[in-house]
Amino acid sequence: MRYEGAVYRPPSEAGSLILQVTLGCSHNRCTFCVSYIDKKFRERNIEEIFEDIEYSSSHVKGVQRVFLADGNAMVMDTAKLQAILDKLYEAFPRLERVGIYATPQDLLHKEKEELVQLREAGLNIVYMGVETGNEELLAWIRKGATRAEVSEAGRRAREAGLVLSVTVINGLGGLEKMVEHAYDTATLLNEIGPDYLGLLTLMVCQGTPLARQVEKNLFQVPGPMEMLREIEMMIEPLELSNCVFRCNHASNYLPLKGTLPQDKQKLLETLRSVHRSGDTRALRPEFLRGL
Ligand code: SF4
């Protein structure tokens, strides 16, 4: 299997075979994102991809999960994705699940029938970065989609029968827009109704436009306790059903997990008790945080 540059995958795809079908991110403009900053986007050609699948099927036994990388493999033409899925299921007889990253734009560029076609070909789970539900912040981070478009993209994936996993970023509104970010994100999530919700905590990475804004004092990163208060404000208005909530990424100060709505009160109580105590010893130290 050939890999080019750094390869990222969602934490839940840790045991999956990673297949790079695209390189980089076709959007590559989000102001906080460092993942593909130095990687020029391109699609790999189908012959190369098929060679890698054939190589892996003769060297790796019992593959049950595959993740299609890089940053937004869903940008590919539907017929090409279908051919890749067909080849994967033919090459790996025990394959049960294929996952992919998608931007909201990628999902909106496909007709609902195309998403159904991909689901029927064996695509199971789509990971989409929502980041925030606040309209101004979406424009400010250059997400490339409005709130209505993010909402439509998420709902379209779910209506096509795909499992939808979304991520949002705690702290993305800075100190100034904490309340708006928390509330608007919660209401957007309520509209979308994801199956999985992952909460990352903002890390300002060198070389990004966001880092330059921090240097110029145009953006104030919330402190750990303020981050927790923001999570509390975000969880309070959530009205999700049967959604797996995870906030146990290396970037998070306080590991939290549960299923919504049943664990909502428990999560809120945990946050409130740490917040009330002001005891930072319960939190992941700064030097241990990472992406
Ligand atoms: S769409 Fe995702 S991978 Fe691409 S720049 Fe934005 S955050 Fe990064």
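1. I would begin with F67, which counts as buried because its relative accessibility is 0%, under the 20% cut-off. Please keep in mind that this is a predicted model.

2. What arrangement do the rings of F67 and Y101 adopt? Their planes stand at 85° with the centres 5.0 Å apart, so this pair is edge-to-face. F67 belongs to strand 4 (residues 65-69) and Y101 to strand 5 (residues 97-102), so the contact ties together parts that are 34 residues apart in sequence.

3. F67 also pairs with Y127: the ring centres are 5.8 Å apart and the planes lie at 75°, so this pair too is edge-to-face. Here the link runs between distant parts of the chain, from F67 in strand 4 to Y127 in strand 6 (residues 123-131), 60 residues apart. Y127 is buried, at a relative accessible area of 6%.

4. Taken together, F67, Y101 and Y127 make up one aromatic cluster. The structure as a whole holds five aromatic pairs, including F67 with Y101 and F67 with Y127.

5. Now for the surface. Which residues gather in a patch of positive charge there? They are R29, R142, R212 and K216.

6. One member of that patch, R142, sits in the loop between helix 5 (135-140) and helix 6 (147-159).

Key. Residues are numbered from 1 along each chain as its sequence is written. This is a predicted model: local features need pLDDT of at least 70, side-chain atom pairs count only at pLDDT 80 or more; totals for chains, interfaces and linings use all residues. Side-chain values use heavy atoms; hydrogens and water are left out. Patches are made of residues with over 30% relative accessible area and no salt bridge: like charges are joined within 9 Å, nonpolar side chains (Val, Leu, Ile, Met, Phe, Trp, Tyr) within 5 Å. Accessible areas come from the Shrake-Rupley method with a 1.4 Å probe; for residues, only the protein chains shown count as cover. A salt bridge is a side-chain nitrogen of Lys or Arg within 4 Å of a carboxyl oxygen of Asp or Glu. Lys and Arg count as positive and Asp and Glu as negative; His and the chain ends are not counted. The place of a charge is taken as NZ of Lys, CZ of Arg, CG of Asp or CD of Glu. Helices (H or I, at least four residues) and strands (E, at least two) are DSSP runs, numbered from the N terminus. Rings of Phe, Tyr and Trp (its six-membered ring) pair if their centres lie within 6.5 Å; planes under 30 degrees apart count as stacked, over 60 as edge-to-face and the rest as tilted. Buried means under 20% relative accessible area, exposed over 50%, partly exposed in between (1.4 Å probe, protein chains only).
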